[in-house]
Amino acid sequence: MSKNKMQVQTQSLPKSPTGIKGLDEITGGGLPKGRPTLVCGNAGCGKTLLAMEFLVRGAIEFNEPGVFMAFEETENELTTNVASLGFNLEDLTEKKMILIEHVHIERSEIEEAGEYDLEGLLIRINFAIDSIGAKRVVLDTIESLFGGLPNVLILRAELRRLFRFLKEKGVTVIITGERGDEMLTRQGLEEYVSDCVIVLDHRVTEQASTRRLRIVKYRGSSHGTNEYPFLIDETGFSVLPITSVGLTHTVSTERISSGIPRLDTMLSGKGYFRGSSILASGTAGTGKSSLAAHLTFAACKRKERVLYFALEESPSQIIRNMRSIGINQEQWVKSGLLRFHSNRPTFIGLESYLTMIHKAILDFKPEVVIVDPISSFIVGANEFEAKSMIMRLVDFLKMNNITGFFTALTGVGSEMEGLKVNVSSLIDTWLLLRDIEIGGERNRGLYILKSRGMAHSNQIREFILTDHGVELRDVYVGPDGVLTGSARTAKEAVEDSEKLLRKQEIERKQLALERKRKALDYKIKELQDEFEAESLEALKAISIDTELSKNFLQLQRDQAVSRKADTDQKHTSLK
Amino acid sequence: MKKKIPEIVNSTDQFELTVEGSGSEKYVLRLYIAGMTPKSVHAISNIKKICEEYLNGRYDLEVIDLYQTPQLAKGEQIIAAPTLIKKLPFPLRRIIGDMSSTERVLVGLDLRERK
């Protein structure tokens, strides 16, 4: 009992999945089931297509037949129009999964003579629904009725009846409506459809057009409230719900090689983190693309797939250029590990480009994505947009544990670290490439500005492009500052000769010391000899003296005896 | 060869001319109703009266209930009920409503000049 109650409480509004990429995510599962949804927007913003895809996906993916009441186009026109988007309506019509019915309204044919209602239309819709057992209905565009029938009072009353009828019928309905000046729709259709309102927009900023979708209201359900970019292409509609992404992605501790051994060493010996975002920024010609090429090479060698978005060069140009530094990318293109996407974002607009990137990534499932350069996203003054786009791209890649490598062109003369778009906070590893101008030469220097989660090197390395790839060398850091290129070579030569001189000096000093020691030793020996000789002589003299004094005493005693002298006590004690 | 066209002096003349020219044509009319609602009943009685009065003997009126034959609604492009369709003579016209405004019905049937 209580369990059932709980279920009722937690059960949200039943929803009818649209099957449209991204839309189900932002609506939390689809459109309200059994209720009408209003899709409005300006001419050419994709209302009809959204509605049609809802039916087609419903028929194909969810086995729900659908009725399309077309007030503006005929069956044939519609079939032809959506065939270009990959929908085979003829086939679905034959299978009785989709029924298209054109509602013809011609003002000049109609004469009003008294009271009437729209029962005719209701009968038609009812009949159409029943004939194929439809679960989904599209009315595109019901506003045409206002053009054909002059009595607005009757029409409004009848529309209300129509929607009531559709709700009773339990079908999920999409009603399209042209955007009005003040209101969401010209005829105020939102008045009748209060469950879910989706606004489509098509705007042009800086010559680039962007399509956007926004859910204005969704009764009884939470939904994303932002504007979401969407794209219409050969596979239909796709909405990008990237900003709904939470920062909950799990990160990998796996490390991948940058393709340059010395760079790996600088990155605490192992290279980048898998799934991290890497930015290589620098002025023109500092070797950003070469770093990208190395990463490509390393990844392809590991049999990983790489998706390369070239925003300013054609694939063949990149392949040719990278061949000059000894990286053959063509083999990987042929074996299907490397795919290039070459076009300018300004051509289709930022949001569309992002959508395209998404689709390409979902399609190719790469381990590494390279965008070269992200600075191309910035056209004119759309910095904010560009940043949000890059942010969403980075988030998307992280969520899928794809390593993202971006290059960014910094302006000449501007601050090295100052990108036009401030994306530094989004980046995990930032490699800064810079020109070092010394002694009439321009040399490349590389250092790691930051690298989250690793103890990276803080030194500048000289970055040399050779015919076998990028090489990193230690730069000369001395009292004269940082030296690179031939200045470094020259300085090193000077240092080498200095070193040699010093060495010779030391040797000479050591030699002199040795000599001194030898002289000292000799002197010590001489003195010792002298001393020994002297001491010998002294001993000899002492013994003679002793003998003499003995003899003298004896003589005295003898004299005393001969003189018969008495013994003096004093003298005997001396003995 | 160029036919001599009578000069139109005023609108009344024009009307006379039109009536004269189309006076012998047969009218094929279909009245679509949605069940026997008061509107349907009014429409049937009104159109019958008008036909008797203005198209005596040269009309063919058929009343069709859309609830009985809903598939016809699609073929005939019916939206409103009741709808009277003038199939012949050309051009095709739809008159919607309970036919209470005789004037408007006549305009719809091209028996009166459109204002």
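Which strands of chain A does helix α10 (residues 288–301) lie across? Helix α10 of chain A lies across β15, β16, β17, β18, β19, β20, β21, β22 and β23 of chain A, with contact meaning heavy atoms within 4.5 Å. This is a predicted model, in which local features need pLDDT of at least 70 and side-chain atom pairs count only at pLDDT 80 or more, while totals for chains, interfaces and linings use all residues. Residues are numbered from 1 along each chain as its sequence is written, and chains are lettered from A in the order in which they are written.

**Sheet of chain A**
- Nine strands make an open, mixed sheet in the order β17-β16-β18-β19-β15-β20-β21-β22-β23; strands are DSSP runs (E, at least two residues), as helices are (H or I, at least four), numbered from the N terminus, and two strands pair if DSSP finds at least two bridges between them.
- β17 (338–342) and β23 (469–474) of chain A are at the edges with a single partner strand each, so one side of each has no neighbour in the sheet.
- Strands β15 (277–282) and β19 (403–409) of chain A run parallel and are joined by six bridges, and Leu279(A) has Phe406(A) as its bridge partner in β19(A).

**Interface of chains A and B**
- The contact takes 26 residues from chain A and 29 residues from chain B.
- Three salt bridges are counted between chain A and chain B, each a side-chain nitrogen of Lys or Arg within 4 Å of a carboxyl oxygen of Asp or Glu.
- Lys39(B) forms a salt bridge with Asp117(A), with the closest N and O atoms 3.3 Å apart.
- β6(A) pairs with β4 (93–96) of chain B in the parallel sense over three bridges, and Ile110(A) stands opposite Arg94(B).

Key. Side-chain values use heavy atoms; hydrogens and water are left out. Axes are lines fitted to C-alpha atoms, for helices over the stretch in contact, and angles run from 0 to 180 degrees between N-to-C directions.
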